[in-house]
Number of protein chains: 2
Amino acid sequence: MNITEKFDLLGVDNAPGQESFQKDAPLGFRGPKLEGTPVDFSHGDVNAHKPIPGSLGLLTEGVVEGAAQAYTPYRGRNSILKDVADKISAFIGAKIDASSEIIFTPGTQGALFLAMGANMMPGDKAAIVEPDYFANRKMVEFFNGEMVPVPMDWNADAKKAGIDLAALENAFKSGVKLFLFSNPNNPVGCIYSYEEICSIAALAKKYNATLIVDELYCRQVYSGETYTHLCAQKEIPDNLVTIMGPSKTESLSGYRLGVTFGTAGIIERMEKLQAIMALRCSGYNQAVFGCWFSEPDGFMKNRIAEHQRIRDDLMAVVNKTAGVSARPTQGGSYLFITIPELEISLHEFIKIARVHADVTVTPGTEFGPQFLHQFRINFSQDHDAAVAALERLFRLMELYRK
Amino acid sequence: MNITEKFDLLGVDNAPGQESFQKDAPLGFRGPKLEGTPVDFSHGDVNAHKPIPGSLGLLTEGVVEGAAQAYTPYRGRNSILKDVADKISAFIGAKIDASSEIIFTPGTQGALFLAMGANMMPGDKAAIVEPDYFANRKMVEFFNGEMVPVPMDWNADAKKAGIDLAALENAFKSGVKLFLFSNPNNPVGCIYSYEEICSIAALAKKYNATLIVDELYCRQVYSGETYTHLCAQKEIPDNLVTIMGPSKTESLSGYRLGVTFGTAGIIERMEKLQAIMALRCSGYNQAVFGCWFSEPDGFMKNRIAEHQRIRDDLMAVVNKTAGVSARPTQGGSYLFITIPELEISLHEFIKIARVHADVTVTPGTEFGPQFLHQFRINFSQDHDAAVAALERLFRLMELYRK
């Protein structure tokens, strides 16, 4: 395989936010254009759900401070690392050593990339859940590894995520030494049960595998749900890092801030890779971490309540539409919606929806090649616009239903 | 080789800005501590040479604008790509198509990493100049390639950089398909002659090799010097990208902004890699590009004149010290200083200088293993503090001279 062939496999045409680059125009419009407020469900809307108050002020202070904030060590400025480590320690209930066990990264995407790059040699096998975040599988390809899929049946049991633990154990038995998964799961929004988390930890320990746990949405857990931090459990593997960041629930995505904490040896390798990847998470932007986990009273409670209301009202739209289903989100802002068989392909329908109904969604195939009847929406949107857009999308769908 | 062994080779202890992580304390102090204003020559001082006026205002406008600036396509926001492409086109004298030939990256380090990652498969040979930017060689290692060194004798001829063109041709003959170099050279600060640039372009074309030209310091060229943009010449290879950014001369490093322009196919692969590396150069920070190449009247002229004065006064310190030499910088803010044989190793001397004289410099070995009698300084510092610090360093050196 040469470099061109390798990158042909790493398509981004359907990646969230990249839809405007699609080269083939959609064909086969049926009926007039469906009018309504455009909604881009491929990512959250930080105009509808504003960044943490005070974030811009912290950034400005950082810029005004000058050199000390502009040039930090590659893993981040010591005083800010300490502050964030303390706040996350209190949140998860486990100690993080700020001098050796934490690093700031350019967004959580940067964290994932550094963590994968710091743990994979060409030919290595890595296990990835299907469905899971679209970049996970692509990173394995980029680092010249071999992806071993682990199925998740998210519809089997409302009290579990539904990961196939036997398949995970078989993967470890077949030589997999690295397992990356998101919890809450992206795109489904389900949360792994306590038992599932303990089983994953035990299996990783038994087979001496490295775990990368993407907890990006772990602060946005809806009422009645329980969340288990793998890193805070008694029995954990020797090599474990956890990824968080303020890009989603806290709407700070425009700053590209991410955090990884865990095994010191992995953090050290990530820092070495960061030294040649981007040097550091933008120095000035690191100042914005000051408001994270230090939000004004009620901010997080309100934010979760707002999103719960949007989830409920979108689920009502899903439930009243024949042949359409979704598991109600337990954590985060995603719904992974299953639709019936259409007379056109999923990709064709999604392209038509973007042009003909001003509704942008992400095809299920980004999360696993078998998800040909699913799309993901990020419902961190204006409530009324989101409900109207989903109704519009399903009206359009009726014109193409088999 | 396993992942731990691989990363053991990617040391960053001596990398610029990482010196505080050095684990072994220096030994063998001679004489009392040398007092003076601490100077960290490992990078520029943005307090001494301030960011472009108006940069913070543009950032603030970007944040206030909200979602449209926070979430851009992975290669960057279209309107800003267009603006920057037009400005660079006018500067270099060659057309850049904003829709296909340019991408924004997290700093120029991000640009280098994406360009290398988008052009290397495991086992590929890449040619790297010795001496050249420290990360270049490490990126080849990280991407599991094989580095082929190309010597540069920067003391042979004041009118040329001194690259060994026969060695470069031999490298191409031996199967090298990728050549990355910086111009002005980091760490020497020399500029490639017109003839050298044309020869490199012709060789790359002849052997169908890909060129990555790092022009980070190309706007900071001192009086009497001529700079040649390879990408603007008539005969250029089919695969060529050029890297620039506002982190150095313009003191915008804290924002992590970089640009790559050139062959559309390479830019497309870089975008695919960026999609899984950091998604995008921070959306808000991209707004700061608005002041780049749009500086207030006289800003660049003054900035270059200030640096020329610092260069001249540091060269006077070098020239009056027996056994010490450096080629006067033609472009950029670096001096690569050769010192005589000492009774201790270069690394030991540099560690002592940091602790015992408050002067931080970067060892020559970061730029090639053979540079055991050189160190690099970034003289974008306060003028008086820099001159005093270099004098202090040489006073300290006298105590260890063989």
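This is a predicted model: local features need pLDDT of at least 70, side-chain atom pairs count only at pLDDT 80 or more; totals for chains, interfaces and linings use all residues.
As for handedness, H12(A) goes past H13(A) in a right-handed crossing. On the H12(A) side, the contact is built from Phe349(A), Ile352(A), Ala353(A) and His356(A), and H13(A) brings in Leu393(A), Leu396(A) and Met397(A). Sorted by class, the residues where H12(A) meets H13(A) come out as 6 nonpolar, 1 polar and no charged.

Over in chain B, another helix pair is worth a look. The axes of helix H5 (residues 107–117) of chain B and helix H9 (residues 264–277) of chain B come within 9 Å, with a crossing angle of roughly 115 degrees. H5(B) and H9(B) also make a right-handed crossing. H5(B) puts Ala111(B), Phe113(B), Leu114(B), Ala115(B) and Gly117(B) into the contact, while H9(B) supplies Met270(B), Leu273(B), Gln274(B) and Met277(B). That contact of H5(B) with H9(B) holds 7 nonpolar residues and 2 polar ones, with no charged residues.

Searching the whole structure gives 41 aromatic pairs over all chains. Ring pairs tie Phe7(A), Phe113(A), Phe142(A) and Phe143(A) together with Phe7(B), Phe113(B), Phe142(B) and Phe143(B) in a cluster, so residues of chain A and chain B both take part. Rings also turn up with arginines over their faces. In chain A, Arg219(A) lies over the face of Phe293(A), 3.9 Å from the ring centre. In chain B, Arg311(B) lies over the face of Tyr222(B), and there the distance to the ring centre is 5.0 Å.

Glu130(A) and Pro131(A) are joined by a cis peptide bond, with omega at about 5 degrees. Pro131(A) belongs to the loop between strand E3 (125–130) and helix H6 (134–142) of chain A. In chain B, the peptide bond running from Glu130(B) to Pro131(B) is cis, and omega is near 5 degrees. Pro131(B) sits in the loop between strand E3 (125–130) and helix H6 (134–142) of chain B.

Asn144(B) is not a glycine, yet its phi is positive, at about 60 degrees. This residue, Asn144(B), is placed in the loop between H6 and strand E4 (146–151) of chain B. Asp358(B), likewise a residue other than glycine, has a positive phi near 55 degrees. Asp358(B) falls in the loop between helix H12 (346–356) and strand E10 (359–360) of chain B.

Back in chain A, one more loop residue deserves a mention. Glu235(A) is located in the loop between strand E6 (210–214) and strand E7 (240–244) of chain A. Glu235(A) and Ala202(A) are 33 residues apart in sequence, but their C-alpha atoms are 6.6 Å apart in space. Setting aside neighbours within four places in sequence, Glu235(A) is in contact with Ala201(A) and Lys205(A).

Conventions
Residues are numbered from 1 along each chain as its sequence is written. Chains are lettered from A and ligands numbered from 1 in the order in which they are written. Side-chain values use heavy atoms; hydrogens and water are left out. Rings of Phe, Tyr and Trp (its six-membered ring) pair if their centres lie within 6.5 Å; planes under 30 degrees apart count as stacked, over 60 as edge-to-face and the rest as tilted. A charge sits over a ring if NZ of Lys or CZ of Arg is within 6 Å of the ring centre and within 35 degrees of the ring normal. A crossing is left-handed if the near helix is turned anticlockwise from the far one by less than a right angle, and right-handed if clockwise. Helices (H or I, at least four residues) and strands (E, at least two) are DSSP runs, numbered from the N terminus. Contact means heavy atoms within 4.5 Å. Ala, Val, Leu, Ile, Met, Phe, Trp, Tyr, Cys and Pro count as nonpolar, Asp, Glu, Lys and Arg as charged, and the others, Gly among them, as polar. Axes are lines fitted to C-alpha atoms, for helices over the stretch in contact, and angles run from 0 to 180 degrees between N-to-C directions.
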